[in-house]
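Look through the sequence and the model below.

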Amino acid sequence: MKQYLVIGLGRFGTSVAQTLYESNEEVLAIDADEEIVQDCINENIVDNAIMLDATDVKSLKELGVSNYDIAFVCVGEIEPSIMITLNLKELGVKKIIAKAVTKSHGKVLAKIGATKVIYPEEYMGRRVAQLAMEPNLVEHLRFSSDFLLLEVKAPSAFWGKSIIELDIRKNYNSNVVGIKKEDQSFNPNPLATTVIEKGDVLLVITDNKTADFFENLK
């Protein structure tokens, strides 16, 4: 079984950690905020989470991050994310998937060792037009042989209902981390109360089995 490290428990990082955990993968979640870490444990998002400053290379070394197969850097702040990525690379983590907020940020991350760089909003904008010509499902980024970030056109069964009402996490083993609207606006942090509308394109973290299921939803 692979070991996953998720650093930064914002909306995106929490969804990554939760998807891995609910798929019975071994995952350690890290955040510098003790309250956020405790909330993740209390809400059963993961069962293994610690407070740690990942910009401190000594702390990461003591944690034994070199033993992890894949590390996700989900920190939104540019300077800390760069430092964390550099630390992971220097400590021997072979696969690092890092979230970037700007092009220049992403270029730096790639140069210092990120295996893959994610631009959620840019990817959504670039590929939403393809949905008119392609099947409902458009794969976005494969984390491993089991997990992927994908775009899926909201099926009619979802229209007019909120994320919490649909209970997408429980019923579809998926986490919605972004919503692209028909007017091209993008919501990178949808709340549980956010209502899904006709024409919405969902950015979802899920597993292969559920991805195939989404492809057949209308």
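Is arginine 169 buried, partly exposed or exposed? At 35% relative accessibility, arginine 169 counts as partly exposed. Buried here means under 20% relative accessible area, exposed means over 50%, and partly exposed lies in between (1.4 Å probe, protein chains only). The model is predicted: local features need pLDDT of at least 70, side-chain atom pairs count only at pLDDT 80 or more, and totals for chains, interfaces and linings use all residues. Residues are numbered from 1 along each chain as its sequence is written, and side-chain values use heavy atoms, with hydrogens and water left out.

Stay with arginine 169. Its side chain meets that of glutamate 22 in a salt bridge (2.5 Å, N to O). Arginine 169 sits in helix α8 (residues 168-172) and glutamate 22 in helix α1, so the pair ties together parts that are 147 residues apart in sequence. A salt bridge is a side-chain nitrogen of Lys or Arg within 4 Å of a carboxyl oxygen of Asp or Glu. Helices (H or I, at least four residues) and strands (E, at least two) are DSSP runs, numbered from the N terminus. Glutamate 22 is also partly exposed, at 27% relative accessibility.

Helix α1 (residues 11-22) also holds glutamine 18. This glutamine is buried, with a relative accessible area of 8%. Leaving aside residues up to four places away in sequence, glutamine 18 touches Ile45, Val46, Arg169 and Asn175. A contact means heavy atoms within 4.5 Å. Asparagine 44 lies in the loop between α2 (34-42) and β3 (49-51). Asparagine 44 is partly exposed, at a relative accessible area of 46%. Its C-alpha atom is separated by 9.6 Å from that of glutamate 22, which is 22 residues away along the chain.

Now the whole chain. The protein chain has nine helices and 13 strands. Of its 218 residues, 50% count as buried. Among contacts with a separation of 6 or more, 59% come from residues 24 or more positions apart. The accessible surface comes to about 10600 Å², and 49% of that belongs to carbon and sulfur atoms. These areas come from the Shrake-Rupley method with a 1.4 Å probe; for residues, only the protein chains shown count as cover.

How many salt bridges does the structure hold? There are three. Beyond the arginine pair, look at lysine 181. Lys181, Glu197 and Asp200 are linked in a network of salt bridges. Glutamate 197 bonds to lysine 181 with the closest N and O atoms 3.1 Å apart. That pair links distant parts of the chain: glutamate 197 is in the loop between β12 (195-196) and β13, lysine 181 in the loop between β10 and β11 (186-187), 16 residues apart. Aspartate 200 meets lysine 181 at 2.9 Å, N to O. Aspartate 200 lies in the loop between β12 and β13 and lysine 181 in the loop between β10 and β11, so this pair ties together parts that are 19 residues apart in sequence. Glutamate 197 is partly exposed at 44% relative accessibility, and lysine 181 is partly exposed at 22%. Aspartate 200 is buried, with a relative accessible area of 1%.

Strand β13 (residues 201-207) comes next. Seven of its seven residues are buried. On one side these are Val201, Leu203, Ile205 and Asp207; on the other, Leu202, Val204 and Thr206. Which strands pair with β13? Strand β8 (residues 147-153) runs antiparallel to β13 and is joined to it by seven bridges. Strand β10 (residues 175-180) also pairs with β13 in the antiparallel sense, over five bridges. Two strands pair if DSSP finds at least two bridges between them. Valine 152 has leucine 202 as its bridge partner in β13, while lysine 180 has valine 201.

Finish with helix α5 (residues 103-112). Its buried residues are His105, Gly106 and Leu109. Seen down the axis of α5, they fall within an arc of 95°, so they line one face of the helix. The arc is that of the directions from the helix axis to the C-beta atoms. An α-helix has 3.6 residues a turn, so residues three or four places apart point the same way. On the other side of α5, Lys107 and Lys111 are exposed. The cover over the buried residues of α5 includes α4 (78-90), β5 (95-99) and β6 (116-118). Glycine 113 follows α5, and its phi is positive, near 135°.
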